[in-house]
Amino acid sequence: PHMDLVGTLTKSVRAAGLVMGVYHSMREWYHPLYLQDNDDNCSTTDFVDEILLPSLIDLSQRYQPDVFWADGAGDAPCTHDSVKYWQAPKFLSYLYNNASNKNTVIVNSRWGSGAIGDYQTGGDRFTPGHILPYKWESCFTVQAHSWGYDRTEDIGSYYSSTALTYQLVQTVACGGNLLLNVGPTADGRIMPAFEERLLQMGAWLAVSGEAIYKTRPWRVQNQTTQIWYTEGIDGTVYATTFVWPDTGVLLLTDPRPGSSPVGVRLLGFTGEIFFEAQAGGLAITLPVLS
């Protein structure tokens, strides 16, 4: 009781060298002021004026979150309106002009209809599979059917670490950011099934993170649904494949080596990789790994 959980978590996150974001549901489903506004077809905005806006400003002043992640526009058509009901421009004006971290804080786009934000969030598990003309994010979960920890959900419906890594690679190849939801228990524990997947993804990134971090989309996003491309800031092209050919030869059809020398390496492997430039692309002989 009376513990500042957000404050404690914020200190721990920043101590680990990470940026801190906060999620805030716009509506409170059963709050009497919200229910009254909803019943009044938004002729009143008491919930927003007395509860929501003061809470958002308090979050900004107390914790200076690097990301404000809004969600949950309302039930009635009027409570979807980001301007007339939620008064999002009023809060964002405060944030960008008066917040202590006004030059670095960013917000998502779920502030109601008509909102844009610094990046587009899209729908749940949004996966376009191609480049979009704006900054975007894929909101994904470990549990296939829940955005919070659901102890009744069968382990078979949890996404595997491979499936989650695939979502990461595909998202980055298409210029997006992956938000991966991990639901703690009521007393704040991260259950082993979640921990296992996060550690496995971390182990993969420890070897292959060069193809993810500080990269951008290449001129081609993917060769197939199993081979995705990214480009490093130095022009290095990375091909992440989720298949290991039975022949031991991986044919990449999109890289077209010209007269300049090229090199091929396998992240995490120190030996020499043999390859051949062909009319159909780049044929790479994969090593035999135990």
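# Exercises on helix packing and a pocket

In H3, the residues Leu53, Leu56, Ile57, Ser60 and Gln61 meet Lys90, Phe91, Tyr94 and Leu95 of H4. The model in which these contacts are found is a predicted one.

**Exercise 1.** Determine how H3 is oriented relative to H4, and describe their contact by residue class.

*Solution.* Two packed helices are described by the angle between their axes and the distance between the axes. Step one takes both values: H3 and helix H4 (residues 88–98) pack at about 15°, and their axes are 11 Å apart. Step two applies the cut-off: angles under 35 degrees count as roughly parallel, and H3 is therefore roughly parallel to H4. Step four sorts the contact of H3 with H4 into six nonpolar, two polar and one charged residues.

**Exercise 2.** Determine the relative orientation of H2 and H3, and list the residues that make their contact.

*Solution.* Begin with the geometry: the axes of helix H2 (residues 32–39) and helix H3 (residues 46–63) come within 8 Å and cross at roughly 150°. Because angles over 145 degrees count as roughly antiparallel, H2 is roughly antiparallel to H3. The crossing in which H2 passes H3 is left-handed. On the H2 side, the contact is made by Leu33, Tyr34 and Asp37, and on the H3 side by Asp46, Phe47, Val48, Glu50 and Ile51. By class, the contact of H2 with H3 has five nonpolar and three charged residues, with no polar ones.

**Exercise 3.** Classify the packing of H5 and H6, and state which residues form the contact.

*Solution.* The axes of H5 and H6 lie 9 Å apart, at an angle of about 55°. That angle makes H5 oblique to H6. The handedness of the crossing of H5 and H6 is right-handed. H5 contributes Ser161, Leu164, Thr165, Leu168 and Val169 to the contact, while H6 contributes Arg197, Gln200, Met201, Trp204 and Leu205. Sorted by class, the contact of H5 with H6 holds six nonpolar, three polar and one charged residues.

**Exercise 4.** Describe the second largest pocket by its volume, its lining and the elements that supply the lining.

*Solution.* Rolling a probe the size of a water molecule over the atoms shows where empty space is left. For the second largest pocket, the volume is about 1,100 Å³. Its lining consists of 38 residues, and those closest to the centre are Tyr238, Ala239, Thr240, Arg265 and Leu266. Next, consider the elements: helix H5 (161–173), helix H6 (192–208), strand S9 (237–241), strand S10 (249–252) and strand S12 (281–285) each supply at least two lining residues. Strand S9 gives the most, with five residues. Finally, the lining of the second largest pocket divides into 25 nonpolar, ten polar and three charged residues.

Definitions and conventions:
Residues numbered from 1 in each chain as written. Predicted model: local features only at pLDDT ≥ 70, side-chain atom pairs only at ≥ 80, totals over all residues. Heavy atoms only, no water. 1 Å grid on protein atoms, 1.4 Å probe; cavity = no way out; pocket = protein on both sides within 12 Å on 5 of 7 lines; lining within 4 Å. Points joined across faces, edges and corners; volume = space filled by probe spheres on them. Helix = DSSP H or I, 4+ residues; strand = E, 2+ residues; numbered from the N terminus. Nonpolar A, V, L, I, M, F, W, Y, C, P; charged D, E, K, R; others polar. Axes fitted to C-alpha atoms, helices over the stretch in contact; angles between N-to-C directions. Parallel < 35°, antiparallel > 145°, perpendicular 65-115°, else oblique. Left-handed = near helix turned anticlockwise from the far one by under 90°. Contact = heavy atoms within 4.5 Å.
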